[in-house]
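Here is a briefing on the structure shown below. It is grouped by topic.

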Amino acid sequence: MVHSGRSIVEWVGGNGSVSDTENLDSRLELLLRLVESITASPDLDQVLDSVIRSAASLVERSRSTVWILEGPRLVARACIEPRRLSDVPNRREFALGDGLPGHAALERRTLVVPDVLADPRTVSREYLEAEGLRACAVIPLLAHGRLVGVLELLTSRAADLGSTEVEMLTVFAGHAAIAIESARLYADAERRRREAETLAQIARDLAEQHDVDAVLARIASGAHTLCDSDVTSLALRDTDGSFPARFMIGARSEAYRNFRVVPGLGIGGRAVLDGRPARAAERVAWPPMPPEYAAAIDADGIRSALVVPIVVDEKIDGLLYVCSRSSQSFSDADETVLVRLADHAAAAIRTARLFAAEQAARSEAQASAANFRKLVDTLDAIVLDADAETFDIAFVNQRAEAILGYPVEAWYADPQFWVHHVHPDDRDGAAAECARAIAENRDHVLQYRMVAVDGRVVWMHDMVRVLPAGTDGRRQLRSVMVDITARKQAELEVQQQQQVLAHLTRVATLGELSGALAHELSQPLTSILTNARAALLFLAREPADLEEIRAILQDIVDEDRRATEFIRRLRALLRRGETPRQPLDLSEVTGDVLRLLHSELVAHGVAVTTHAPPGLPKVNGDPVALQQVLLNLIVNACDAMRSGQSLERHIDITIAVDGDSAVRVAIADRGTGLPPNDVERVFEPFFTTKVHGLGLGLVICQSIVTAHGGHLSAKNNSDRGATFWFTVPTCKGADAPQRVDGRGDASPLDPI
Amino acid sequence: MTSGPAVFVVDDDPAVRIALERLFRGAGWRVRTFASAEEFLQQDLHLARGCLVVDVHLGSMSGLELHATLGDRAAAMSVILTTGVDDVNMELEAFKLGAIAFFRKPFEPNELLESVGQCLGRPDSR
């Protein structure tokens, strides 16, 4: 149905009164041919082209424009301008109600203006004047009552737009409107189909392609096609905040290819600031911009543009930019599809970033693994990763070969490699301690010997970490074994020297005490000899007193034992070398020493009181070494009371628990005390207050106590004399005895 | 008990003390033993006739001090000192105080018996 215009048949019938039937026939024929031509193709551009040509052919020497309604605007979509006289541009856009086309569109009726310059509704006077155009006819294009646009014809003479021409144009316009509407519908459907196809392709790329550049390139080309753009670019934010084009299609000039959008400048700059799409048709309608900016745009002949921001995580990270070299405005449909493409671009960028972050993390992990490997191989230690339960070796560093001589393959081949190559004397101890620590899930440090491939014995300081169970639920051991053979040998030498020194001072001390020691032996000998003589006397009696003789013999046996025991103790003290550590009761050790010193104490009139609560915990110690400490300290105490005019010759020995893991022995005398400023110096070598002292006794004592893990100190008593005390750690639980020389069991140390 | 001469033994070592008691008893002397000088002095025996066999090294009061304490009061008492320690000065001191003999442990018991016999004559109980 045609409302405003009339159909050809209607028009012919309604104008039966037209005299020139021949003329009418030819016009009718022309009109029919024109209508046929405009419906020949479904392509909008061809339809528009056809419409404009046909309209121009209906009115001689006319300029014809098809203005299409887009939203509230009329946009010039097709135009025939024969014989241009000037280069004054015509308007390409009108708002509804603006200018003659705008009025005709708004009023939905044909306007015929014989003198446009005289008409107040005329807008583009400069153009009309320059081109010598005077008359104008604007016919609304109405399809099914809907305004599609307007058809405008301009002529230099009003006579060219007579009523017949206008009527013919009106009829033609009715058909043209339907043809345009149909072509638009077709184009719309076609466009939707292409959009759907392109978007589907991009979505597939997004899912399958990890190469963000490929996806973005496809988005740019999709925008180019779907928006029918002349120049399309996809720009990404640079570190300086500007947006250089990353993908560009259709640009001709170098200036435009190197173009960077700066926030706030131009259409792109506005889109960056507003965070919304920006659009401009006429070049003159573009926002203000610096000259070099405009130059780049004009260098490429760009006249209209549509920009959509690419928003990634609420931040504008890019722009999708379509431009046209015509002044034809991009449509709402273009904007809609461009927004969707920009969303896809944002998704691609976000995915790429996540992927890049993951890649970076992965390569960082690889780099640090490589560094670790390098470090591990340059470390002068064996580094070993093994399963905490099976001891299966997951990793051993190359350095292990240099240290023990076995190829690393040998380590991997035998899950029991480590335990098989621990020195037989240390094997059980080390394995047991290791197993205990693993069971308790604690890091531990072991020292033990290993046997190298050439039979060398290598001392290892092994720091073992128990790593938490991984995803497979299995705990790993990381062991770092350092070769401490040289250190151990040095330690052994020092220990041997200390033992020699300790022995020498022991001998020296006992030498000083020889008189008292002789007395101690002379007592039982006297008793034995006297008893024997007495027995002979009783035996000589008639009758012999057998009861008496039996008692005598028993005493002889006891006294002999007493002498033997004393000699045993003395011999123990005089022995060289070390004695195995064993659980010791320090009150017993003190008692032994006091028995040895009995005569010496009596000779100096020194009384000794010992305070020891019952049930003291045992300490782990070398009995001879600890006797030597007590011997030294007690003899020192006696000496301190010899020189002075001490009326009170008394030594107080107190044995008590110290803290929760040590026993303390304190020896307090009533002697001259220590030189007030030299209390600490008494432990220095060769410091002595004695005329004949060597000054090594306390040094040796201190080294013995320290080797036991204890501490030796001294202080002056508040009233008189001095107190020396030392501590020795108790045996912890059921732990196996340790040896100071380390030549026995592996010695568990505290975790590092 | 007869009031004849007796041997008084002062020694802090019980084993030695008992052995000496047996020796002198076996030889027929009356014997009394004391563990310390103080114990002996408490008995007020210093006027008694006899022989005092005393160890030099006793707890708080030494044998020499005991000897010195007895001094003139022990005119009837011969003093024999024993010692487990070699000390010439001590021996000289003992002789200055009037000790008749000085024995270093371990000594030959027969020699001690002889010295006691020289002081007290032959034992009564023989």
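**Interface of chains A and B**

Across the interface of chain A and chain B the rule finds five salt bridges, a salt bridge being a side-chain nitrogen of Lys or Arg within 4 Å of a carboxyl oxygen of Asp or Glu. This is a predicted model: local features need pLDDT of at least 70, side-chain atom pairs count only at pLDDT 80 or more, and totals for chains, interfaces and linings use all residues. Side-chain values use heavy atoms, without hydrogens and water, residues are numbered from 1 along each chain as its sequence is written, and chains are lettered from A and ligands numbered from 1 in the order in which they are written.

- E548(A) and R22(B) form a salt bridge through their side chains, at 3.4 Å from N to O.
- Three helices of chain A, α17 (514-540), α18 (546-574) and α20 (598-603), each supply at least two residues of the side that touches chain B. Helices (H or I, at least four residues) and strands (E, at least two) are DSSP runs, numbered from the N terminus.
- The largest share of that side of chain A, 15 residues, comes from α17(A).
- By residue class, the side of chain A that touches chain B has ten nonpolar, eight polar and six charged residues. Ala, Val, Leu, Ile, Met, Phe, Trp, Tyr, Cys and Pro count as nonpolar, Asp, Glu, Lys and Arg as charged, and the others, Gly among them, as polar.
- In contact (heavy atoms within 4.5 Å) are 24 residues of chain A and 24 residues of chain B.
- The two chains bury about 2,000 Å² between them, 59% of it on carbon and sulfur atoms. Buried area is the accessible area (1.4 Å probe) that two parts lose on being put together, summed over both.
- Nine residue pairs, both at pLDDT 80 or more, are in polar contact across the interface of chain A and chain B. A polar contact is a pair of N or O atoms within 3.5 Å; within protein, one must be able to donate a hydrogen and the other to accept it, and residues adjacent in sequence count only if both atoms are side-chain atoms.

**Six-stranded sheet of chain A**

- The order of this open, antiparallel sheet is β9-β8-β7-β12-β11-β10 in chain A. Two strands pair if DSSP finds at least two bridges between them.
- β9 (260-261) and β10 (278-280) of chain A stand at the edges with a single partner strand each, so one side of each has no neighbour in the sheet.
- β8 (residues 243-249) of chain A runs antiparallel to β9(A), joined by two bridges. P244(A) stands opposite R260(A) in β9(A).
- Helix α11 (residues 332-378) of chain A packs on the sheet and touches β7 (231-236), β10, β11 (304-312) and β12 (315-324) of chain A. The direction of α11(A) makes about 35° with that of β11(A). Axes are lines fitted to C-alpha atoms, for helices over the stretch in contact, and angles run from 0 to 180 degrees between N-to-C directions.

**Five-stranded sheet of chain A**

- Here the open sheet runs β14-β13-β17-β16-β15 in chain A, with antiparallel pairing.
- β14 (393-396) and β15 (444-451) of chain A are the edge strands, each pairing on one side only.
- From one strand to the next, the twist averages 25°.
- Six bridges join the antiparallel strands β13 (residues 382-387) and β17 (residues 476-483) of chain A. D387(A) has Q476(A) in β17(A) as its bridge partner.
- Helix α15 (residues 424-439) of chain A packs on the sheet, touching β15, β16 (457-467) and β17 of chain A. Its direction makes about 155° with that of β15(A).

**Salt bridges**

- Over all chains the count comes to 50 salt bridges.
- One of them joins the side chains of D387(A) and R474(A), at 2.6 Å from N to O.
- D387(A) lies in β13 of chain A and R474(A) in the loop between β16 and β17 of chain A, so the pair ties together parts 87 residues apart in sequence.

**Hairpin and backbone details**

- β23 (residues 712-716) and β24 (residues 722-729) of chain A pair in the antiparallel sense over five bridges. K715(A) stands opposite T723(A) in β24(A).
- Their hairpin has five residues between the strands, and G721(A) takes a positive phi near 75°.
- E542(A) and P543(A) are joined by a cis peptide bond, with omega about -5°. P543(A) lies in the loop between α17 and α18 of chain A.
- Another cis peptide bond joins K105(B) and P106(B), with omega about -10°. P106(B) is in the loop between β5 (101-104) and α5 (109-120) of chain B.
- H144(A) is not a glycine, yet has a positive phi of about 50°. H144(A) lies in the loop between β5 (135-143) and β6 (146-155) of chain A.
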